[in-house]
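Please read the following account with the sequence and the three-dimensional view side by side, taking each part of the chain in turn.

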Amino acid sequence: MKNQLISFAKPMLGKEEKSQVKEILNGSILTHGPKCRSFEKKFGIFHGDVNAVTLANCTSAMFLALKAKGIGEGDEVIVPAMTHIATAHCVSHTGAKVVFCDVEVKTGNIDCKLIENKITKKTKAIIVVHFVGLPADMDLINKIAKKFSLFVIEDCAAALGAKYNKKLVGTLSNVGCYSFYPTKHITTMEGGMLISKSLKLANKVRKLSSFGYNKTLQERNIPGIYDVDLLGYNLRMSEVAAGIGIEQIKKAKNFIKIRKQNSIKIRSLLKKVVGITILPIKSNKSESSNFCVNIVLDKKFSKIRNNLILSLKSRNLGTSVHYPICLPYSKFYKNNKINKTNNDYPIANHLAKSIISLPCGPHINKDQSNKVAKIFIDCFEEMKNEK
C-alpha cells in the first residue's frame, strides 16, 4: 500500500483565519488599514515590544531597510554565499554591489572568520542569514559591525522564534526581516515584516513602502489630500493578509513547539545513519527555530542527491533543497563576475550540491515523524548500495 503523502510544508489555517478574512471582505477597507496596524502591534509584542512594519514580503523588508539607510550605487553589502536568491537580489536592486562570503560547514551560517577580509571602504552593511532557522554568531558579527560602522540586517525568513543567547532573532541588530510565505512558521499567504528598535527607521521604511506619502490614510485631515516628499514604492501588505497574520502569530509559539518535537524525533532516528550530517538544533549560543531538518550528504554521495530526492518523492515524502545553488555560481551573479574563481566558496558550493531538507512542521504528527525518518533511511540505504 502506497504511503500517504507527507508534504514538505502545509499552511495551518483554521476557522479563526477564515473568520478574519470574511470580516475584512464584508467591510470596506482592504489595504493600509487597521488590520495591518494590529498585526504589527502583535508581532512587535511577540519580539519584546519593538517597532514593526507590515510589507509585501521579506525581500521588500530587506530592500527597504537598505534604501532607508541610503545604501545604493557605489556601496557594497556582504551576503552569505549560501542563501535564497532574495538575500542577494534585494542588494542588487538598490544598485549596490553584492559581496559574497563563504559559510561554516557545521551550521551553514556566514563564516565570521572571513568577514573582515571582505570589508572595504565601500562596505556599508552585512545581511546575516540565520540559515534554515539556526542563528548566526551575532556577538562576533555585531563586534565586526561596530568596528567598521556597518548596518546589520538579520534575514529571519526561516527563523521566526529562533534564539541567540536566549534573545529572539531579529532583535539582535539594526533590523530583522521576516517572511510569511506558505512554507514558513506562520503565513499570510504572501507577506513580510520588518522590525527595529529604531522608530525613526521603522517610520522611514513605512513611508518608503507607501509611495513616499507624507501622510498615511489615517493622518489625512482632509480625505484624499497629501503630498509626496521622497521617491517611494508600493510594497504594502493587504488587510486580508494582515488579518490572517493576526491569528497566525497567536499560534506561533505552539507551531514552533511542535516543530521542535518533530525535529528532535526525526534526528534521533537518523543519528546512526552513515554517510550524512544533520545540521544542528543548537550551536553555542544559538537555538534553531526548526524550520526543517537539513541533511548534508557526505561528498561521495553528492552525485546521488537529486535521484534521492526523486526516490523520496516516489514514496510520497515531500522534501526541499535549501539551497540548490551557491549564489556566486548562479548564472546571474556569475555573469556579473562577482566571484573570482571556482574555489572561493568551497563550503557553500558543497552544501548546495549535498543538502536535502526534510519536513518537521506542525502539519506532521508523531507517526508521520517516524515515517519521515524511515522513508529517508530506506531510500538512502538502497541508493548507497546501488552506487
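The structure is a predicted model.

Helix 1, which spans residues 15-25, and helix 8, residues 239-270, have axes that come within 9 Å of each other and cross at roughly 155°. Since angles over 145 degrees count as roughly antiparallel, helix 1 and helix 8 are therefore roughly antiparallel to each other, and their crossing is right-handed. Helix 1 contributes Glu16, Glu17, Gln20, Val21, Ile24 and Leu25 to the contact, while helix 8 brings residues including Glu239, Val240, Gly243, Ile244 and Lys251.

The largest nonpolar core holds 79 residues, of which Leu297 and Phe376 touch the most other members. Helix 3, residues 58-68, supplies the largest share of this core, with eight residues. Beyond its neighbours within four places in sequence, Phe376 is in contact with Leu270, Ile276, Ile295, Leu297, Leu308, Leu312, Leu317, Ile356 and Leu358. Another core, of 42 residues, lies apart from the largest one, and among its members are Tyr164, Ile186, Met237 and Ala241.

Ile119 sits in the loop between helix 5 (112-118) and strand 4 (123-129). Setting aside neighbours within four places in sequence, Ile119 is in contact with Ile78, Ile144, Phe148 and Leu150. The C-alpha atoms of Ile119 and Met383, which are 264 residues apart along the chain, are separated by 44 Å.

Key:
Residues numbered from 1 in each chain as written. Predicted model: local features only at pLDDT ≥ 70, side-chain atom pairs only at ≥ 80, totals over all residues. Heavy atoms only, no water. Axes fitted to C-alpha atoms, helices over the stretch in contact; angles between N-to-C directions. Helix = DSSP H or I, 4+ residues; strand = E, 2+ residues; numbered from the N terminus. Parallel < 35°, antiparallel > 145°, perpendicular 65-115°, else oblique. Left-handed = near helix turned anticlockwise from the far one by under 90°. Contact = heavy atoms within 4.5 Å. Core = buried A, V, L, I, M, F, W, Y, C linked by side-chain atoms within 4.5 Å. Buried < 20%, exposed > 50% of the residue type's maximum accessible area, 1.4 Å probe, protein only.
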